[in-house]
Amino acid sequence: MRLLISGGRHFAETAVIRRELDDILSASPVSVLIHGGLPTIGVEAESWARENNIHVVRYPANWSLFGKHAEAKRNAFMLEDSRPDIILMFPGGRQTAYFERTVRELHIPMTVVTQPCEHALSQVSGEHLWQH
C-alpha cells in the first residue's frame with residue numbers, strides 16, 4: 001500500500017503521528033510512505049518509515065520557483081504523481097483543508113486526525129474513513 005501523509009506545517013504531535021502510522025501498518029502492509037517534507041510530520045514519518053523498512057518518497061515545496069503558491073503546487077503534483085492508496089491527514093490550515101477537499105473529490109480513502117482520541121469509523125463518499 002502506498003501511504004501519503006499530510007497536514008499542517010505546525011502540527012508537532014510526534015506521538016500522535018507515530019501512533020497513527022503504527023495503526024495503519026498494523027491493519028495493512030505499507031510499501032511506500034509519501035510526504036511533502038514538512039518539518040515535523042515529514043521528518044517523523046520518514047524516521048518511522050526507515051525504522052519499519054518502508055520506502056520513502058519526499059516532495060518538498062519549491063518556494064524559490066512558486067513562491068506563495070509552492071504548497072498548493074506541491075500538493076497537486078504529489079497527489080497526481082505518487083498515486084497513493086490512502087492518505088493520512090493531520091490538522092493544518094487553509095492549504096491542508098483544500099488538499100483534504102481534493103482528496104475527498106477524488107474518492108481516495110483517508111484517515112483524518114482531528115484530535116487525539118479513540119478510533120471512530122465513518123463513511124465518506126462510499127469510502128471508509130477513520131476519523132479521530
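How many aromatic pairs does a search of the whole structure find? The search finds 2 aromatic pairs. The structure is a predicted model.

**Aromatic pairs**

A pair of aromatic rings is described by the distance of the centres and the angle of the planes. The rings of F11 and F90 have centres 5.0 Å apart and planes at 25°, so this pair is stacked. F11 and F90 come from distant parts of the chain, 79 residues apart. F11 lies in the loop between β1 (2-6) and α1 (14-27), while F90 lies in the loop between β4 (86-89) and α5 (94-105).

Y59 and F77 form an edge-to-face pair, with 5.8 Å from centre to centre and 70° between the planes.

| Residue | Relative accessibility | Class |
|---|---|---|
| F11 | 13% | buried |
| F90 | 1% | buried |
| Y59 | 10% | buried |
| F77 | 45% | partly exposed |

E44 sits in helix α2 (residues 41-51). Its relative accessibility is 17%, and E44 therefore counts as buried, since buried means under 20%. Leaving aside residues up to four places away in sequence, E44 touches T14, I17 and R18. With R18, the side chain of E44 makes a polar contact of 2.4 Å.

Definitions and conventions. Residues numbered from 1 in each chain as written. Predicted model: local features only at pLDDT ≥ 70, side-chain atom pairs only at ≥ 80, totals over all residues. Heavy atoms only, no water. Helix = DSSP H or I, 4+ residues; strand = E, 2+ residues; numbered from the N terminus. Buried < 20%, exposed > 50% of the residue type's maximum accessible area, 1.4 Å probe, protein only. Polar contact = N/O pair within 3.5 Å; in protein donor to acceptor, adjacent residues only side chain to side chain. Contact = heavy atoms within 4.5 Å. Phe/Tyr/Trp six-rings, centres within 6.5 Å; stacked < 30°, edge-to-face > 60°.
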